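Please open the model in your viewer and keep the selection panel at hand, as this tour moves from one selection to the next.

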Amino acid sequence: SPTHGVALLSLPALGAVQRRRRLSKALDDAVAALLGDLPEEGSASSRLGARRRLGELAAKVDEGEGSEGVVFLARVLGGNIRLLAGMVRANHPWRFVSTLGRAMLGALAAAIFGLVTSDLWRIAASLGPIRLVLTGLGTIAAAAATMIVVHRLWERAPDPRVREQVALFNLATMATVGLGVGALYLFVFAISLAGAALLIDSSLLGDAIGRDPGAWDYLRLAWLTSAVGTIGGALGATVESDQAVREAAYAYRPEDERILSR
């Protein structure tokens, strides 16, 4: 707002890649807009598009049309896809489950139980690549949905004027939790594969599956064990407090608030 001498920059709106370059450019454009240095239409300046959008940001938006806010949002922020990617990156999904102690303990306990169960060995040996992939994706989706529903992370929009924004927020939540659970799956897979290689002798595994095992059999066993562990992690997360899960999902850190208050 050049009138009030105020500019607000949203870091998630810059996207998930090349943030430093985009931040530098956005700050330059914001200062130029506050100083009234907006190029005319048809100028050869490479920053014309960004500065024109900043000019639109200071313009008055017609509140009479329900769809006007959606067009305005996409025009100012450069597209909802970039904003969504920036929101997910800001949430640090790779840290999601690692900050939930009960979820980690549940995942590891379930994985250990599955790793020493001979019935699971035989089931894993009978699965092909397609069914293994579907099992993994289905497990991640089910675990993520469980966390979202149990801890009420899904937001509703009774006001039609904010439905698009709430939908974007829910998409960011789904992506954050899904990627976080996926990271948990890969972590349990690595632990399970190492445990299977160290603890399960090939002769013992061969007796269970009825043939000489190979590396592929150990990979299948670790993959299926990861599915069991991920479900255990989701169940462990259900006993976490809503506040702990929200702080993990949205990368909320109280120390940041204390720094800003200073």
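Contact here means heavy atoms within 4.5 Å. The model is predicted, so local features need pLDDT of at least 70 and side-chain atom pairs count only at pLDDT 80 or more, while totals for chains, interfaces and linings use all residues. Residues are numbered from 1 along each chain as its sequence is written, and side-chain values use heavy atoms, with hydrogens and water left out.

Select valine 181 and display its surroundings: leaving aside neighbours within four places in sequence, valine 181 is in contact with Val97, Ile140, Ala143, Ala144, Met147 and Thr230.

Next, turn to the aromatic rings, where a search of the whole structure finds three pairs; rings of Phe, Tyr and Trp (for Trp, the six-membered ring) pair if their centres lie within 6.5 Å, and planes under 30 degrees apart count as stacked, over 60 as edge-to-face and the rest as tilted. Select phenylalanine 169 and tyrosine 250, a tilted pair with 5.4 Å centre to centre and 35° between the planes.

Move on to phenylalanine 189 and tryptophan 223, whose rings form an edge-to-face pair at 5.6 Å centre to centre, with 75° between the planes. Phenylalanine 189 is buried at a relative accessible area of 18%, whereas tryptophan 223 is partly exposed at 24%; buried means under 20% relative accessible area, exposed over 50%, and partly exposed in between (1.4 Å probe, protein chains only).
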